[in-house]
Amino acid sequence: MLATLCLVGLSFPTLWAQMLISCSYKNLCQKALLSGNDVVLRCDHGHTQWHFTSILGDELFLFNSVPNIETLPGGSLKLVNPQPSQTGLYRCQKNDNTRIVEYEIDFQDVKNLHITHTGLDQKPLPNETLNLGGMVLVFTQWDPWQDCNRCGVPGERKRLGYCYVEEPPEEPLACGLYLREEEMLHSRLRPELQLEACLVPCEHDKEIHQPFFIFDTYQLGKSTSNMWITCPLASIYRPVNWEANSIPLTWHDQLSGQDFSYFLDQSTGGKQLKIFWQATYKCFVEQELMVQFNPEARPEMLEAQRMAMLEAQGAGEVTARSGKADSVLKQLMLMLLVVTTLALVGLLFKVLCPAQGKRSNQILLVK
Ligand SMILES: *[C@@H]1O[C@H](CO)[C@@H](O)[C@H](O)[C@H]1NC(C)=O
């Protein structure tokens, strides 16, 4: 296991784990999204039924029948790691078959993402007129820029762009919904990600210095030369930033090919980071410190350190000192036990009294 468990006695006031898609009552909403990133289709009307009609016309009654799709208690639908093949019509209805809301979603393939950085003078895809069974204009419809991924220090922001087709006088349509069963063979038919540098001041003290989670990366160096670490609650749809020993790991350096000491996963917008060396890694989501990965602190390393220290002192002192060190160790263990117990009691308290809205700063480490 990668993790030393860390326990968090706090709530996430501003963060929701998935991208939430809404549509007004009794309406049909069409939307392009990216594959590989979790979303929730909203339908908060209690007893609901979901039906899915794929772009190929296959119909499916969604009742926890598809492994990566889950109906949430309130009635909404959660799609974990949705695939381009899950493009189609999602209908939320009452038991008497009346429509509550319908979503026509084009999950554009994140593996084909075209990535550019304005700081490297890289240009997004130009508009192009293509013959897709008739001449149509293919263009990128951009989401607004996301917030800067840091505040108070230089950061980066990103925006997502989706492939759209325009065939006047019709309204533009997401490429997958336009093409239906046709394959997206042309290289212009792909989603985009654009990045740029930013520097914004911190509104109130958003960037706090206590992480929500703490993990160890002790696996690294044991048998592998690299490993992936994941930032909880991060997503391609929200601002994410990583630091190694307080040095920011930027898209700019990765895309310019200057820095090979890390690799930000493009298909999750940097939720996952591939690391090659031991350091303290921190991840920020929406400018908040989310997680800290500590370098190895293996017991045998501590023991080796202790032995080296003892050797440095006179041999005569060894027994006395090591006896003392042992008792210190025992005290530490006892303290850890107490802290663990307190953490569990605290958590229980938290669960039983959910009224507390404000996030506190306590972080409790549990082995
Ligand atoms: C590309 O096409 C879209 C849709 O017609 C239009 O809004 C946009 O201004 C065009 N961009 C350029 C650079 O021509």
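**Why these labels? A predicted model**

Me: Where does Asn97 sit?
Reply: Asn97 belongs to the loop between β9 (88-93) and β10 (99-108). Keep in mind that this is a predicted model.

Me: Why does Asn97 count as exposed?
Reply: Count the neighbours. Asn97 has 9 C-beta neighbours inside 10 Å. A residue is exposed at 12 or fewer. So Asn97 counts as exposed. Its backbone also deserves a look. Phi of Asn97 is positive, about 75°, although Asn97 is not a glycine.

Me: What makes Ser246 count as exposed?
Reply: Ser246 has 9 C-beta neighbours inside 10 Å, and the cut-off is 12 or fewer, so Ser246 counts as exposed. Ser246 is in the loop between β19 (240-244) and β20 (247-249). Its phi is near 70°, a positive value in a residue other than glycine.

Me: Why is His186 called partly exposed?
Reply: His186 has 15 C-beta neighbours inside 10 Å. Exposed means 12 or fewer, and buried means 20 or more. The count of 15 falls in between, so His186 counts as partly exposed. His186 lies in the loop between α1 (175-179) and β16. His186 and Leu130 are 56 residues apart in sequence, yet 8.9 Å apart in space, C-alpha to C-alpha.

Me: How do you know that β12 and β13 pair?
Reply: Count the bridges. Strand β12 (residues 128-131) and strand β13 (residues 135-142) share 4 bridges. Pairing needs at least two, so these strands pair. Their sense is antiparallel. Glu128 stands opposite Val138 in β13. The two strands form a hairpin with 3 residues between them. In the turn, Gly133 has a positive phi of about 75°.

Me: What makes β16 a partner of β11, and in which sense do they pair?
Reply: Strand β11 (residues 114-117) and strand β16 (residues 192-198) have 4 bridges. At least two are needed, so they pair. The sense is parallel. Thr116 has Gln194 in β16 as its bridge partner. Strand β14 (residues 155-166) joins β16 as well, through 7 bridges, and runs antiparallel to it. There, Leu160 stands opposite Leu193.

Me: What makes the bond between Pro168 and Pro169 stand out?
Reply: The peptide bond that joins them is cis, with omega about 5°. Pro169 is in the loop between β14 and β15 (173-174).

Me: How do you know where the largest nonpolar core lies?
Reply: The core has 57 residues, and Cys175, Cys283, Val285 and Met290 touch the most other members. Domain 1 (19-109) and domain 2 (111-198) both give residues to this core, so it lies between them. In soluble globular proteins, nonpolar side chains tend to be buried together.

Me: Which residues are in contact with Cys283, leaving aside its neighbours within four places in sequence?
Reply: They are Cys231, Ala234, Val240, Trp242, Met290 and Val291. A contact needs C-beta atoms within 7 Å, so each of these residues meets that cut-off with Cys283.

Me: What makes up the shell around the ligand, by class?
Reply: The shell has 2 nonpolar, 1 polar and 1 charged residues. The residues are Asn127, Leu137, Phe139 and Glu166.

Terms used
Residues numbered from 1 in each chain as written. Predicted model: local features only at pLDDT ≥ 70, side-chain atom pairs only at ≥ 80, totals over all residues. Near = placed C-beta within 6 Å. Nonpolar A, V, L, I, M, F, W, Y, C, P; charged D, E, K, R; others polar. Core = buried A, V, L, I, M, F, W, Y, C linked by C-beta atoms within 7 Å. Domains from an automatic or database assignment. Contact = placed C-beta atoms within 7 Å.
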